[in-house]
Amino acid sequence: MNVRVENLAFAFGRGKKILDGLSFEAKDGEITAIVGANGVGKTTLVRAIMGFLEPGGEVWLGGRNRRDIPFSEIARKVGYLTQESAVQAALTVFEVILLGRLGHLGLKVDPAELDRVWDIMRTLKIDKLADKYYNELSGGQRRVVNIAQTVVKGPEVLILDEPTANLDMQNEIEMLELIRSYTRAKGTATLVILHDLTMACRYADRIVILKDGKVFKSGSPLEVVSVENVRDAYGVNVKLLMADAEKPLLHIVSSVRDTNYRFDRK
């Protein structure tokens, strides 16, 4: 189910537009990374796509206008991972992940649904956490559980807001490998907000750089990640290295702004 946004615009009240005429497409079976400096509207964009905000412009899911799709259907077909988990109750890890199948559960839980939960937990190597309470986990462990809850329902679209937050390097790589494998195997259109531009280059098929509420650049990593574009979008001077013919690596040199901070000795 591809995702297409056309001329998306949004402002809180009468303030400055956070989104200002955004247009791009996320295709089936591809990862589209949404990147940009802090405050450019990345989270606002995905919330608008989900329908939690009412922007100007249009959002199309699988060729259908989002406004014409019941939210219950969107909830079944779109897996949405927020920056912060909404889980507050004293639930075990198994119960939290099972909630991801909520739209498929009856009064009596089918054993096949339980098998789905165990399968995803084994895939993510968290089956040993099944009986632990979610609120006792580390931030990184919670993030993995949240991903499990998101994908266990078998979504046709994945929208992930900073899925690697609170993860160490090993788990960050494993998480992005999982997202890429799921995207390829299931043919989902995957939108993912990432802060690490090098990781975006490594795992994304397409990168959308936001600046001032607009699409600054959009295309393959090789097409959009350049010394000039990174400086203009992030205010950082970098050198580019090539991991292979299509995957740039960034070596950060300095901030464009003056960072010669001076403090009194007293």
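**Figure 1. Thr 32 stands opposite Leu 191 of strand 8.** The model is predicted: local features need pLDDT of at least 70, side-chain atom pairs count only at pLDDT 80 or more, and totals for chains, interfaces and linings use all residues. Residues are numbered from 1 along each chain as its sequence is written, and side-chain values use heavy atoms, with hydrogens and water left out. Strand 3 (residues 30-35) and strand 8 (residues 189-193) are parallel and share five bridges. Two strands pair if DSSP finds at least two bridges between them. Helices (H or I, at least four residues) and strands (E, at least two) are DSSP runs, numbered from the N terminus.

**Figure 2. Strand 9 pairs with strand 3 and with strand 10.** Four bridges link strand 3 to strand 9 in the parallel sense; Ala 33 has Ile 207 of strand 9 as its bridge partner. Strand 9 and strand 10 run antiparallel and are joined by five bridges, with Val 208 partnered by Ser 218 in strand 10. The hairpin of strand 9 and strand 10 has two residues between the strands, and Asp 212 in this hairpin takes a positive phi near 55 degrees.

**Figure 3. The largest cavity has a volume of about 30 Å³.** Searching the whole structure gives one cavity of 30 Å³ or more. On a 1 Å grid over the protein atoms alone, a cavity is a set of points where a 1.4 Å probe fits but cannot get out, and a pocket is an open set with protein on both sides within 12 Å along at least five of seven lines; lining residues have an atom within 4 Å of a point. Grid points are joined across faces, edges and corners, and a volume is the space filled by probe spheres set on the points. The cavity is lined by Ile 31, Leu 176, Ile 179, Val 192, Leu 194, Tyr 203 and Ala 204. The lining has seven nonpolar residues, no polar and no charged. Ala, Val, Leu, Ile, Met, Phe, Trp, Tyr, Cys and Pro count as nonpolar, Asp, Glu, Lys and Arg as charged, and the others, Gly among them, as polar.

**Figure 4. The second largest pocket has 16 lining residues.** Its volume is about 350 Å³. Leu 124, Ile 126, Val 144, Asn 171 and Glu 174 lie nearest the centre of the pocket. Helix 5 (139-151) and helix 6 (169-186) are the elements that give two or more residues to the lining; helix 6 gives the most, with four. Seven lining residues are nonpolar, six polar and three charged.

**Figure 5. Asn 7 has a positive phi near 50 degrees.** Asn 7 is placed in strand 1 (residues 3-10). This residue is exposed, at 54% relative accessible area, where exposed means over 50% (1.4 Å probe, protein chains only).

Technical notes
Buried means under 20% relative accessible area, exposed over 50%, partly exposed in between (1.4 Å probe, protein chains only).
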